[in-house]
Amino acid sequence: MSGLEVEGIHVRVNEELVLKGVTLRVPNSSVVVLMGPNGSGKSTLAYAVMGHPRYRVEKGRILLDGDDVTGLKPEERALRGLFLAFQSPPTVESVRVGTLIREALARRGFPFSESEAIALLERVGLNRSYLPRGVHDGFSGGERKRLELAQALILKPRFVVMDEPDSGLDVEGVKLLASEVAGLAESGAAVLVITHNPRTAEILAPDRVAVLVSGRIVAEGGLELVREIGERGYEVVAG
Ligand SMILES: Nc1ncnc2c1ncn2[C@@H]1O[C@H](COP(=O)(O)OP(=O)(O)OP(=O)(O)O)[C@@H](O)[C@H]1O
Ligand SMILES: [Mg+2]
């Protein structure tokens, strides 16, 4: 299949088996929303897909456009077009926002232009005053999410995992997120968005919704699943 595929992965963090055989397919040009209770393993799935060394894949495979990347380092996955927007984006004081944008452009073969960098920041609701600041340094919760979105836009990834990109975003921010996610999918990307918010899920209008409970996918379907979760909770959906 072309897109992002997770095939029966078992993932151990420290001593604990957090994911117990998760299979999830995100075809190219589509948006899949993943929901699930706190601690169910959503971020673990995101880290395992990206190749974080603490999240050990004991069984199963991760595929990008059919290529098995399970053994690759995070940077090798990134070079194949995989991008992870963190639930809690880390602060990187020593790297300026402007430098990050310049390097991202250079990686794609484009020269740095300050006006393009400013346009990118303005597109996500930030402005030129952020250019000399350290990455996420002193950023508010919503500003962090906006800069993460900017990174996704500039890198033009082909496989995108966003871990609660809506947390801390204001109403306008969530609309912006939805329109940019739609744009990424329209340009061919496979986009997986993790969220707790039924309203975000509805605005995203995903092709599919998957529900993770206790390290297992317990339901897959359309937006009706989101409504059911809102009304009756995860335990009922899990059956
Ligand atoms: N680095 C770690 N060390 C110890 N335990 C961890 C680590 N990472 C995850 N876990 C544990 O694995 C389980 C799943 O955590 P995870 O962060 O994947 O949940 P989540 O579904 O993303 O939850 P939330 O909705 O709160 O973000 C939790 O019990 C968590 O404490
Ligand atoms: Mg999480």
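Helix 1 (residues 42–50) supplies three residues to the shell around ligand 1, the largest share; helices are DSSP runs of H or I with at least four residues, strands are runs of E with at least two, and both are numbered from the N terminus. The model is predicted, so that local features need pLDDT of at least 70 and side-chain atom pairs count only at pLDDT 80 or more, whereas totals for chains, interfaces and linings use all residues. Residues are numbered from 1 along each chain as its sequence is written, chains are lettered from A and ligands numbered from 1 in the order in which they are written, and side-chain values use heavy atoms, without hydrogens and water.

The shell around ligand 1 holds 16 residues, of which G39, K42, S43, T44 and H196 come nearest; a residue is near a molecule if one of its heavy atoms lies within 4 Å of it. By class, four of the shell residues are nonpolar, nine polar and three charged (Ala, Val, Leu, Ile, Met, Phe, Trp, Tyr, Cys and Pro count as nonpolar, Asp, Glu, Lys and Arg as charged, and the others, Gly among them, as polar). Oxygen atoms of ligand 1 lie 2.7 Å from a side-chain N or O atom of H196, 2.9 Å from a side-chain N or O atom of N38 and 2.9 Å from a polar backbone atom of S43. Of the 630 Å² that ligand 1 exposes when taken alone, the protein buries 70% (Shrake-Rupley method, 1.4 Å probe).

The magnesium ion (ligand 2) is coordinated at 2.0 to 2.1 Å by S43 (OG) and Q87 (OE1); donors are N, O and S atoms within 2.8 Å of the metal (3.2 Å for Na, K and Ca), and sites may look incomplete because water is not among the atoms. S43 belongs to helix 1 and Q87 to the loop between strand 6 (82–85) and strand 7 (92–96), so the pair ties together parts that are 44 residues apart in sequence. Q87 is partly exposed, with a relative accessible area of 32%, where buried means under 20%, exposed over 50% and partly exposed in between (1.4 Å probe, protein chains only). Eight of the nine residues of helix 1 are buried, including S43. Just after helix 1, G51 adopts a positive phi of about 95 degrees.

Elsewhere, four strands form an open antiparallel sheet in the order 2-1-4-5; two strands pair if DSSP finds at least two bridges between them.

Notes: Polar contact = N/O pair within 3.5 Å; in protein donor to acceptor, adjacent residues only side chain to side chain.
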